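Please keep the sequence and the model at hand.

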Amino acid sequence: MVRKITIALAGNPNSGKTTIFNNLTGARQHVGNWPGVTVEKKEGSLRFKDYEIKVVDLPGTYSLTAYSLDEVVARNFVVEERPDVVVDIVDASNLERNLYLTTQFMELGVNLVIVLNMSDRAEESGHKIDTKKLSELLGVPVIPTIGYKNRGMDELLQAIVDVAEGKFDGGHVTLSYGEEIEEEIRKIEELIQRDAGLMQRYSSRWMAIKLLEGDEEVTKKVTGEK
Amino acid sequence: MDRREILDQVRKSREHLRGIFDDEVETVIVDRRYGFINGIYRRAVSRPAIERLSASDQIDRIVLNRVLGIPIFLFLMWLMFKITFTLSEVPMGWVETGQEWLGNICGRFFPEGSAFQSLVVDGIIGGVGSVIIFVPIIFLLFFCMAILEDSGYMARAAFVMDRFMHKIGLHGRSFIPMILGLGCNIPGIMACRTIDQERDRLTTILVNPFMSCGARLPVYALLIGAFFPEKGGTLLYSIYILGIAMAIIMARIFRKYLFPGPTAPFVMELPPYRMPTIKGVIIHMWERGVLYLKKAGTIILAGCVLVWFLGNFPWSPEYSKDYDRLKQEARLDLASGLIMKEAMDESITNLENEQAREKMEKSYLGHLGRIIEPVVKPLGFDWKIGVGLFGGFIAKEIVVGTLGTLYAVGEADEESAPLRERIQRDTWPDGKKIYTPLTAFTLMVFTLLYIPCVAAIGVIYRETNSWKWPLFAAGYTTALAWIVSFIVYQGGRLIGLG
């Protein structure tokens, strides 16, 4: 039996996302546009073991706010199309900044795999990243790769499949915003949870945080405006 | 469940938190996230005792140097054109040979002198073929550009130019759309979306067409191949630089008079240098290059067939002389021993050429050409060039495609000489050559600057959401092209060139 999995590739600009996408899909790519906007949409597919994996390349972004078209496109895909796994490509030599996007995906409550790309470069500069520790702290698999040498792809695919099958249990790590903010998040969450229409599609915590941040798109979703 | 209750709670919470933190809630939330990240980073990463300067930083010390930055950028661009032009010569020769062979083969399948033969040999192979020939040069240029992009250099170029762009009152972010414009202006214009400020965005959109796109390359390549084979790379480079210079000058003018106001500051990210992978570079090159091939198969094919039709119909116009009778007479002269075989062949060829030329002049295209000619004559162009430029509005390659079709139709001889040689031979009615190196250069300048193609105009419309800007762009570029070409051509003649 062949199982179909859809994954989304996300990451900061210049994190080596395109290289990973090319490594994974090779020539089986299809370029189109995201519906309604002229942001480029790339898709590809591959076979791994008994899985037919569809790969969607999201626009490179630093965050998932509603400020730029790229970020909205990336966010809407993850929230509305619900890919089985989101692969977040992180530039190992620029870890701190890249992890910001990672926190956004964690908050969305998606199935996440982190790719620690260009891990050789980080080591060259003397930074030793403890992948196991990182995985523990974030509660998601962390796979070191070297995109331009095509290294780590099999391990990545295995991790994707494991996560999609629910075989990875990293516990649930939550980013805590501190007592005062958490209190307000809880209040808003409670109200959201009473609304079946909203609960169907979104994680209540994510929604509550976004509302607190004054995110326009999410506010519109609540008021029902298009 | 009333959702207003949720929003009420959100409002209350935000006010409450603002009271506690004395800051916007979103700022506090972002801070907390960075705090979380910092905590993780400290536990999972051990840093070196002393931070070494990475190789990337060391390269950047030179490449981003205040003094050396711009010369290095200009040198790399020059190198790119030099390599492109030199390496493409050989494969272009192959394509040319293959095409002649194809033309001769295909010609035999159709009855001699039929409209169908003419359509296939002159219209399609002559027109589309003259565009296809430049596939190697386009792929090579895209290959070089992909290397510069994938290695991380293009971001440096933007950084180096940012300082400069600011000086001329443009946004640093405008540079990336400009670089993209070198491939094709359409993605270039679309990339202007990343510019937040409306006045910076509009300015960048309006000058983007001066970035010489790949579609204009065939025109340059044809003319350089015919008239400046020795100085190919440098001349090509100078045309691109001219385009960039015009973009800068016009941007300056627009920012000053059309959209006055300060320029927003901008922080740019510099990714570390990376060894480009062959696979990545080839995929990049292919993605862009294949668009060119697709265009050749669709819009350019249609354009060439249209030009062929307009250039051939009416099929049998009223001639000023009875060519058939004159040819017959020549044959009779041979039979009665009045002239030698060679003389007869020559006079028949002359008659055929004259007839072909007259037919062309009486065609729809000939009429159109006569309307255009007075406008382009001060630039040293004849009506054929005028018609080609007219067609170039559909897609710039059609300038070459049209000339290919026109010359294939206009010459009656059997063997199909390459377009390059045909234009070298063409003359004005008074016998002077139409194409001198000066005309060729002027034509390159005009092609660089005049009206953006239909697709680019369409994108400007879409991106500005009004017809005002696309019409303005079409008008001012063409006027500017005419003025600059006029100065180049007439100025060149004054100092005794061409």
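How many helices and strands make up the secondary structure of chain A? Chain A has 10 helices and eight strands, taken as DSSP runs numbered from the N terminus (helices H or I, at least four residues; strands E, at least two). The model is predicted, so local features need pLDDT of at least 70 and side-chain atom pairs count only at pLDDT 80 or more, while totals for chains, interfaces and linings use all residues. Residues are numbered from 1 along each chain as its sequence is written, and chains are lettered from A and ligands numbered from 1 in the order in which they are written.

Of the 226 residues of chain A, 46% are buried, meaning that 20 or more other C-beta atoms, placed from the backbone, lie within 10 Å of a residue's own.

Now to chain B, where these helices come up:

| Helix of chain B | Residues |
|---|---|
| α20 | 437-449 |
| α21 | 454-464 |
| α22 | 468-494 |

In α21(B), the buried residues are B:A456, B:I457, B:V459, B:I460 and B:T464. They lie on the same side of the helix because they cover an arc of only 160° around its axis, judged by the directions from the axis to the C-beta atoms. Their packing partners are α9, α10 and α22 of chain B, with contact meaning C-beta atoms within 7 Å. Just after α21(B), B:N465 has a positive phi of about 60°.

Notes
Buried ≥ 20, exposed ≤ 12 C-beta atoms within 10 Å, placed from the backbone. Contact = placed C-beta atoms within 7 Å. Axes fitted to C-alpha atoms, helices over the stretch in contact; angles between N-to-C directions.
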